[in-house]
Amino acid sequence: MLTKQASEHDTDFYGWTREQAGILRATSPADTRLDIDDLAEEIEGMGRAEIPAISSLLRQTLIHLLKSALEPESQTLTRWFEEIVTFQGDAVLAFSPGLKQRLDLEKIWRVACNGATRTLENRGAVVPQLPSTCPLSLDDLLDPEFDPGAATQLPSAAIQSVAKHGI
């Protein structure tokens with residue numbers, strides 16, 4: 001049977017690192033020869049490293065969703081679809097529930113919009129104004145049953161709405 005700590009380590013690594021660092025800091029230095037402060041900082045750092053890793057995977061997922069939405073007839077659509085599946089799946093596998101409140105989806109969206117825009121413009125495409133807010137939620141992006149084809153429709157609809165209504 002798994003201990004509570006081992007179970008949390010496997011299901012919410014970020015939360016586990018924060019909890020373990022707190023426990024270390026609460027330990028009396030007289031009780032141990034461990035370098036408690038530095039050890040706690042290293043453990044917290046391991047958890048914080050998860051934030052840019054997940055953010056990067058979500059950014060890549062959104063970039064490829066945007067490129068697919070903006071150029072549905074592209075010869076590279078199949079590759080973009082495969083990359084959506086890969087990046088999104090990796091994000092799901094690496095995600096810890098404790099990270100949810102630390103992920104800035106709107107910032108990730110803005111960076112993804114910039115990346116997709118620059119990539120497509122470099123290929124000679126004219127990119128319309130993109131939505132200012134992400135049309136997918138964090139729950140959508142981290143759903144193990146994520147459907148890239150259906151997910152591409154959300155940015156497409158949002159882009160059409162911006163073009164039609166200017167919002």
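First, the term I needed: a disulfide is a pair of cysteine sulfur atoms within 2.5 Å. In general, a disulfide is a covalent bond between the sulfur atoms of two cysteines.

Notes on the source: this is a predicted model, where local features need pLDDT of at least 70, side-chain atom pairs count only at pLDDT 80 or more, and totals for chains, interfaces and linings use all residues. Residues are numbered from 1 along each chain as its sequence is written, and side-chain values use heavy atoms, with hydrogens and water left out.

Entry 1, cysteines. I searched the whole structure and got zero disulfides. C113 is in no disulfide, as its nearest cysteine sulfur, that of C134, sits 7.8 Å away. C134 is in no disulfide either, and its nearest cysteine sulfur is that of C113.

C113 has 9% relative accessibility, so I put it down as buried. C134 has 11%, so it counts as buried too. Across the protein chain, buried residues make up 40% of the 167 residues.

Helices (H or I, at least four residues) and strands (E, at least two) are DSSP runs, numbered from the N terminus. I found eight helices and zero strands in the protein chain. Along the sequence, the pattern reads α-α-α-α-α-α-α-α.

Is E42 buried or exposed? E42 is exposed, because its relative accessibility is 56%. I located E42 in helix α3, residues 36-48.

Key
Buried means under 20% relative accessible area, exposed over 50%, partly exposed in between (1.4 Å probe, protein chains only).
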